[in-house]
Amino acid sequence: MRIDKDLVAASATPLVLGILAEGESYGYAILKQVNELSAGQMRWTDGMLYPLLHRLERLGYVQASWRVAASGRRRKHYAITPAGVELSAERRRQWAVVIDALDRVWTEAAAARAAATLVGPSR
Amino acid sequence: MTAVPGAPDAGLETQIGHWRGYVQRHGVISPDDVDELEGHLRDRVADLEQAGLSGDEAFLVAVKRLGILDEVSQEFAREHSERLWKQLVLAPELPEESVTRPTRELVVVLALAVAAAVAIKVPELVGLDLTEDPAWYARNAGLVVLPFLAGYFAWKRRLELLRSVRVLAAPFLLGALVANAYPYADGGSTEVLVVIHLPILVLLAVGLAYVGVDWRSHPRRMDFIRFTGEWVVYYTLLALGGAVLVGLTLAGFAAIGLEISLFFGEWVLPCAAMGAVLVAAWLVEAKQSVVENIAPVLTRVFTPLTTLMLLAFLVAIPATGNVVEVDRDLLILVDLILVLVLGLLLYAISARHRQAPPDLFDRLQLLLVLSALMVDVLMLVAMLIRITELGVSANKVAALGLNLILLANLAWSARLSVGFLRGRRPFSDLERWQTDYLPVYAAWAAVVVVVLPPAFGYA
């Protein structure tokens with residue numbers, strides 16, 4: 001199953017912040033983690049992650065620093081800031097509402113269908 | 001060539017080198033960001049090779065997963081608009097246009113410059129002489145030349161003619177009405193206030209044209225701030241060069257016994273001053289990517305010097321005696337100093353790399369703003385005492401209003417910079433505050449120009 005790109009875009013910020021809340025990380029590792037978390041079903045265009053990270057940095061939700069990796073190359077690491085933690089919590093509450101509403105509407109629809117089959121076609 | 005153990009092969013290195021060159025030629029992605037992308041590319045290649053792909057295959061897949069370069073670049077450009085500022089002009093929009101447009105632009109600019117130069121001599125046809133009625137020229141000079149500048153930007157941003165006239169005409173018409181319909185008293189202070197504030201109001205119309213009537217866009221507003229700073233620098237340079245040339249020409253003609261200073265004063269100077277407005281604007285637009293912006297460099301030099309001056313001033317005021325007895329001219333002077341401080345702040349902000357962590361210069365800048373605030377509070381007290389003692393006048397209202405506006409801006413800027421230095425706020429808050437504040441200046445200029453003259457009997 002491929003996830004619709006609007007949904008991917010909408011969930012990108014909370015996902016990145018959630019991953020960084022567990023500890024600082026860098027672009028490629030973040031992408032790999034997204035891939036694992038979604039069992040390979042959420043495919044991002046790799047290059048698009050970086051403008052998003054830079055935007056979060058500019059708005060003060062994450063902080064970046066250059067480190068030297070084991071391979072000897074420079075690597076830019078991102079760590080979440082207190083403002084980022086706040087935003088992440090806020091997003092989590094919002095998504096909870098959305099997921100809850102979706103869940104309800106779908107269970108109600110399923111219940112209505114089940115009821116309809118029990119009673120049989122009306123008239 | 002010896003291969004480093006564990007490093008990718010030479011073929012892969014060449015391919016990555018080519019890729020890197022290609023990305024950099026796009027110009028939007030900075031070297032640091034390319035480093036970051038390259039690191040990503042290498043990680044992906046290494047993982048794919050481990051999964052059994054050959055170097056070539058792994059490279060192709062990794063590049064493909066990075067996304068279509070144009071789209072990724074565009075995303076980068078949207079995020080880093082301050083870099084885009086350097087490519088606004090020279091980046092060709094269409095290949096076939098890239099050759100013809102610069103020459104056509106030069107023709108348009110020169111035509112507008114000549115038109116502006118002619119326009120300043122037109123009033124003479126109805127008997128308004130520069131030497132006999134300099135006050136009329138002082139009130140109207142901005143109104144004469146700035147429509148041409150607004151027209152240049154409207155042309156350059158390809159604004160629809162009807163829409164741009166509808167949006168841009170209002171400030172010019174209002175200005176023309178105020179400058180000419182009010183019966184100013186001879187040598188009155190309200191007239192001087194109008195001469196000072198009207199250009200600010202009309203500049204708003206130019207700014208609207210500059211941002212392509214997209215006045216809600218804060219990055220575009222910041223671009224306009226950058227433009228004004230560079231424009232002042234170029235205009236000053238042109239004026240200096242012009243002055244040297246005029247001096248030499250006058251001396252040369254005087255040496256052969258021809259007196260031409262009258263002709264120069266009546267024709268060459270006013271026409272050149274008007275034409276230079278457009279030429280300077282064109283230079284700013286055309287040379288953005290050739291020269292590093294100059295205004296921010298100047299702010300770096302003058303921020304510490306101005307801070308020193310303000311601190312010396314703060315020490316000197318109490319040392320000379322009573323604050324209340326400060327001269328009225330001094331109050332206006334202090335307003336000008338605060339305008340300078342605001343300018344230093346504004347142009348430093350406009351050029352600052354947003355992601356850079358706070359550095360020494362940011363601290364210096366906070367010190368500058370704080371010392372300016374102290375001077376301002378001192379002056380406000382002095383001004384209030386003067387007003388309660390001697391009553392209000394147009395000059396005092398204008399000076400007081402400007403002072404309050406600058407105080408509000410600088411106080412909030414100081415708060416935001418403290419937050420930024422402590423790492424509690426992103427730098428973009430400070431930037432946003434300044435672009436948010438721009439309409440306040442225009443509104444205040446409108447109040448001074450429209451309301452104050454009738455309120456004080458045009459005196």
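How many residues of chain B are in contact with how many residues of chain A? The count is 24 residues of chain B and 25 residues of chain A, where contact means heavy atoms within 4.5 Å.

Before going on, some housekeeping. This is a predicted model, in which local features need pLDDT of at least 70 and side-chain atom pairs count only at pLDDT 80 or more, while totals for chains, interfaces and linings use all residues. Residues are numbered from 1 along each chain as its sequence is written, chains are lettered from A and ligands numbered from 1 in the order in which they are written, and side-chain values use heavy atoms, with hydrogens and water left out.

Back to the interface. Chain B and chain A bury about 2300 Å² between them, and 52% of that is on carbon and sulfur atoms. Buried area here is the accessible area (1.4 Å probe) that two parts lose on being put together, summed over both. The rule finds 7 salt bridges across the interface; a salt bridge is a side-chain nitrogen of Lys or Arg within 4 Å of a carboxyl oxygen of Asp or Glu. Asp46(A) and Arg44(B) form a salt bridge through their side chains, at 2.8 Å from N to O. On the chain B side, α2 (31-50), α3 (55-66) and α4 (69-79) each supply at least two residues that touch chain A. The largest share, 11 residues, comes from α2(B).

Now chain B by itself. It has 17 helices and 0 strands; helices (H or I, at least four residues) and strands (E, at least two) are DSSP runs, numbered from the N terminus. Of its 459 residues, 47% count as buried. Buried means under 20% relative accessible area, exposed over 50%, and partly exposed in between (1.4 Å probe, protein chains only).

Take helix α8(B), residues 161-181. At 1.5 Å a residue, its 21 residues should span 30 Å, and the end C-alpha atoms are 28 Å apart, which agrees. The expected span is 1.5 Å times one less than the number of residues. There is a kink of about 40 degrees at Ala169(B), shortly before Pro171(B); the bend is the angle between axes fitted to the seven residues ending there and the seven starting there. Buried residues of α8(B) include Leu168(B), Phe172(B) and Gly175(B). An α-helix has 3.6 residues a turn, so residues three or four places apart point the same way. The buried residues of α8(B) pack against α7 (134-156), α9 (189-210) and α16 (428-450) of chain B.

Last, chain A. Helix α1(A) has a kink of about 40 degrees at Ala12(A), shortly before Pro14(A). Gly23(A), with a positive phi near 150 degrees, follows α1(A). Further on, Ala39(A) lies in the loop between α2 and α3 of chain A, and its phi is near 50 degrees, a positive value in a residue other than glycine. Most residues other than glycine have a negative phi. Ala39(A) is exposed, with a relative accessible area of 62%.
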